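Please look through the structure before reading on.

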Amino acid sequence: MISLTDSQKIGMGLTGFGVFFLFFGMILFFDKALLAIGNILFVAGLSFVIGLERTFRFFFQRHKMKATGFFLGGVFVVLIGWPIVGVVLEVYGFFLLFRGFFPVAVGFIRRVPILGSLLNLPGISGVSQSHFSQKILQILLND
(Lines give C-alpha, C1' and ligand atoms only; values in the text may rest on other atoms or scores of the structure.)
Protein backbone atom coordinates (compact mmCIF):
# COMPACT_ATOMS: atom_id res chain seq x y z
CA MET A 1 0.00 0.00 0.00
CA ILE A 2 1.25 3.45 -0.88
CA SER A 3 1.64 5.85 2.01
CA LEU A 4 0.38 9.38 1.33
CA THR A 5 1.12 12.51 3.29
CA ASP A 6 -1.71 14.73 4.44
CA SER A 7 -1.03 17.28 1.69
CA GLN A 8 -1.09 14.52 -0.94
CA LYS A 9 -4.44 13.31 0.42
CA ILE A 10 -5.78 16.85 0.16
CA GLY A 11 -4.37 17.04 -3.37
CA MET A 12 -6.09 13.81 -4.36
CA GLY A 13 -9.39 15.22 -3.10
CA LEU A 14 -8.90 18.53 -4.91
CA THR A 15 -7.93 16.78 -8.13
CA GLY A 16 -10.92 14.45 -7.87
CA PHE A 17 -13.30 17.34 -7.31
CA GLY A 18 -11.63 19.21 -10.17
CA VAL A 19 -12.19 16.32 -12.57
CA PHE A 20 -15.78 16.00 -11.32
CA PHE A 21 -16.50 19.70 -11.88
CA LEU A 22 -14.88 19.61 -15.33
CA PHE A 23 -16.94 16.58 -16.33
CA PHE A 24 -20.13 18.03 -14.85
CA GLY A 25 -19.47 21.39 -16.56
CA MET A 26 -19.16 19.64 -19.92
CA ILE A 27 -22.30 17.60 -19.32
CA LEU A 28 -24.21 20.81 -18.56
CA PHE A 29 -23.33 22.27 -21.98
CA PHE A 30 -20.01 23.86 -21.06
CA ASP A 31 -21.13 25.80 -18.00
CA LYS A 32 -18.51 28.52 -17.48
CA ALA A 33 -18.61 28.53 -13.69
CA LEU A 34 -18.28 24.77 -13.26
CA LEU A 35 -15.45 24.55 -15.79
CA ALA A 36 -13.59 27.41 -14.09
CA ILE A 37 -13.96 25.80 -10.66
CA GLY A 38 -12.87 22.45 -12.09
CA ASN A 39 -9.77 23.97 -13.69
CA ILE A 40 -8.70 25.73 -10.52
CA LEU A 41 -9.27 22.65 -8.37
CA PHE A 42 -7.45 20.36 -10.82
CA VAL A 43 -4.32 22.53 -11.04
CA ALA A 44 -4.32 23.14 -7.26
CA GLY A 45 -4.77 19.43 -6.58
CA LEU A 46 -1.91 18.53 -8.91
CA SER A 47 0.30 20.99 -7.02
CA PHE A 48 -0.62 19.39 -3.71
CA VAL A 49 -0.05 15.84 -4.95
CA ILE A 50 3.38 16.23 -6.54
CA GLY A 51 4.52 19.41 -4.80
CA LEU A 52 4.77 22.98 -5.98
CA GLU A 53 8.37 22.80 -7.19
CA ARG A 54 7.85 19.57 -9.16
CA THR A 55 4.65 21.01 -10.67
CA PHE A 56 6.55 24.04 -11.95
CA ARG A 57 9.38 21.83 -13.24
CA PHE A 58 6.85 19.62 -15.05
CA PHE A 59 4.92 22.43 -16.72
CA PHE A 60 7.84 24.70 -17.57
CA GLN A 61 10.31 22.30 -19.15
CA ARG A 62 11.76 23.71 -22.34
CA HIS A 63 10.31 21.00 -24.59
CA LYS A 64 6.85 21.28 -22.97
CA MET A 65 6.39 25.04 -23.29
CA LYS A 66 4.01 24.73 -26.25
CA ALA A 67 1.88 22.20 -24.37
CA THR A 68 1.89 24.31 -21.22
CA GLY A 69 0.90 27.35 -23.23
CA PHE A 70 -2.08 25.57 -24.72
CA PHE A 71 -3.17 24.03 -21.41
CA LEU A 72 -2.83 27.16 -19.25
CA GLY A 73 -4.11 29.31 -22.12
CA GLY A 74 -7.20 27.12 -22.25
CA VAL A 75 -7.66 27.54 -18.50
CA PHE A 76 -7.39 31.31 -18.93
CA VAL A 77 -9.84 31.34 -21.87
CA VAL A 78 -12.36 29.38 -19.77
CA LEU A 79 -11.91 31.84 -16.91
CA ILE A 80 -12.59 34.83 -19.16
CA GLY A 81 -15.79 33.27 -20.43
CA TRP A 82 -15.25 31.27 -23.64
CA PRO A 83 -15.72 27.71 -22.37
CA ILE A 84 -15.81 25.73 -25.63
CA VAL A 85 -12.68 27.32 -27.09
CA GLY A 86 -10.94 27.02 -23.73
CA VAL A 87 -11.76 23.34 -23.31
CA VAL A 88 -10.51 22.57 -26.83
CA LEU A 89 -7.21 24.34 -26.04
CA GLU A 90 -6.95 22.54 -22.69
CA VAL A 91 -7.55 19.11 -24.18
CA TYR A 92 -4.93 19.68 -26.88
CA GLY A 93 -2.46 20.93 -24.27
CA PHE A 94 -3.28 17.99 -21.99
CA PHE A 95 -2.53 15.49 -24.77
CA LEU A 96 0.73 17.26 -25.55
CA LEU A 97 1.75 17.33 -21.88
CA PHE A 98 0.95 13.72 -21.08
CA ARG A 99 1.65 12.01 -24.42
CA GLY A 100 4.57 10.08 -22.98
CA PHE A 101 2.33 8.71 -20.26
CA PHE A 102 -0.37 7.23 -22.53
CA PRO A 103 1.51 4.05 -23.54
CA VAL A 104 2.34 3.43 -19.88
CA ALA A 105 -1.31 3.92 -18.94
CA VAL A 106 -2.52 1.51 -21.64
CA GLY A 107 0.05 -1.05 -20.48
CA PHE A 108 -1.16 -0.64 -16.90
CA ILE A 109 -4.82 -0.92 -17.89
CA ARG A 110 -4.03 -4.14 -19.77
CA ARG A 111 -2.94 -5.66 -16.45
CA VAL A 112 -6.14 -4.70 -14.59
CA PRO A 113 -8.39 -7.81 -14.55
CA ILE A 114 -11.65 -6.58 -16.13
CA LEU A 115 -10.30 -3.65 -18.12
CA GLY A 116 -7.43 -5.74 -19.51
CA SER A 117 -9.80 -8.32 -20.86
CA LEU A 118 -11.84 -5.55 -22.51
CA LEU A 119 -8.73 -4.10 -24.17
CA ASN A 120 -7.81 -7.56 -25.45
CA LEU A 121 -11.12 -8.06 -27.28
CA PRO A 122 -10.57 -8.55 -31.03
CA GLY A 123 -11.84 -5.18 -32.28
CA ILE A 124 -10.43 -3.07 -29.48
CA SER A 125 -7.09 -4.86 -29.35
CA GLY A 126 -6.46 -4.09 -32.99
CA VAL A 127 -7.18 -0.41 -32.48
CA SER A 128 -5.13 0.01 -29.30
CA GLN A 129 -2.10 -1.77 -30.80
CA SER A 130 -2.43 -0.79 -34.43
CA HIS A 131 0.06 1.20 -36.38
CA PHE A 132 -2.83 3.34 -37.62
CA SER A 133 -3.80 4.53 -34.12
CA GLN A 134 -0.17 5.30 -33.32
CA LYS A 135 0.11 7.31 -36.53
CA ILE A 136 -3.04 9.28 -35.65
CA LEU A 137 -1.60 10.07 -32.22
CA GLN A 138 1.68 11.11 -33.84
CA ILE A 139 -0.13 13.44 -36.23
CA LEU A 140 -2.27 14.95 -33.48
CA LEU A 141 0.59 15.37 -31.04
CA ASN A 142 3.36 16.28 -33.48
CA ASP A 143 5.41 19.26 -32.37
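Which helices each supply at least two residues of the lining of the largest pocket?

## Basis

This is a predicted model, in which local features need pLDDT of at least 70, side-chain atom pairs count only at pLDDT 80 or more, and totals for chains, interfaces and linings use all residues. Residues are numbered from 1 along each chain as its sequence is written, and side-chain values use heavy atoms, with hydrogens and water left out.

## The largest pocket

α1 (6–27), α2 (32–50) and α5 (83–97) each supply at least two lining residues. Helices here are DSSP runs (H or I, at least four residues), numbered from the N terminus. A pocket is an open set of points on a 1 Å grid over the protein atoms alone, where a 1.4 Å probe fits, with protein on both sides within 12 Å along at least five of seven lines; lining residues have an atom within 4 Å of a point.

The largest pocket has a volume of about 410 Å³ (the space filled by probe spheres set on the points). It is lined by 15 residues, and those closest to its centre are Val 19, Leu 22, Phe 42, Phe 71 and Phe 94. The lining divides into 13 nonpolar residues, one polar and one charged. Ala, Val, Leu, Ile, Met, Phe, Trp, Tyr, Cys and Pro count as nonpolar, Asp, Glu, Lys and Arg as charged, and the others, Gly among them, as polar.

## α1 with α2

α1 and α2 pack at an angle of about 155°, with their axes 7 Å apart. Axes are lines fitted to C-alpha atoms over the stretch in contact, and angles run from 0 to 180 degrees between N-to-C directions. α1 is therefore roughly antiparallel to α2 (an angle over 145 degrees). Their contact (heavy atoms within 4.5 Å) divides into 18 nonpolar residues, nine polar and no charged.

## α4 with α5

The axes of α4 (residues 65–80) and α5 come within 7 Å and cross at roughly 155°, so these two helices are also roughly antiparallel to each other. The residues of this contact divide into 14 nonpolar, four polar and two charged. Among those in α4 are Phe 70 and Phe 71, and among those in α5 are Leu 89 and Phe 94.

## α2 with α4

For α2 and α4 the angle is about 145°, and the axes are 9 Å apart. Residues of α2 including Leu 35, Phe 42 and Val 43 meet Phe 71, Val 75, Val 78 and Leu 79 in α4. This contact divides into nine nonpolar residues, one polar and one charged.

Notes:
Parallel < 35°, antiparallel > 145°, perpendicular 65-115°, else oblique.
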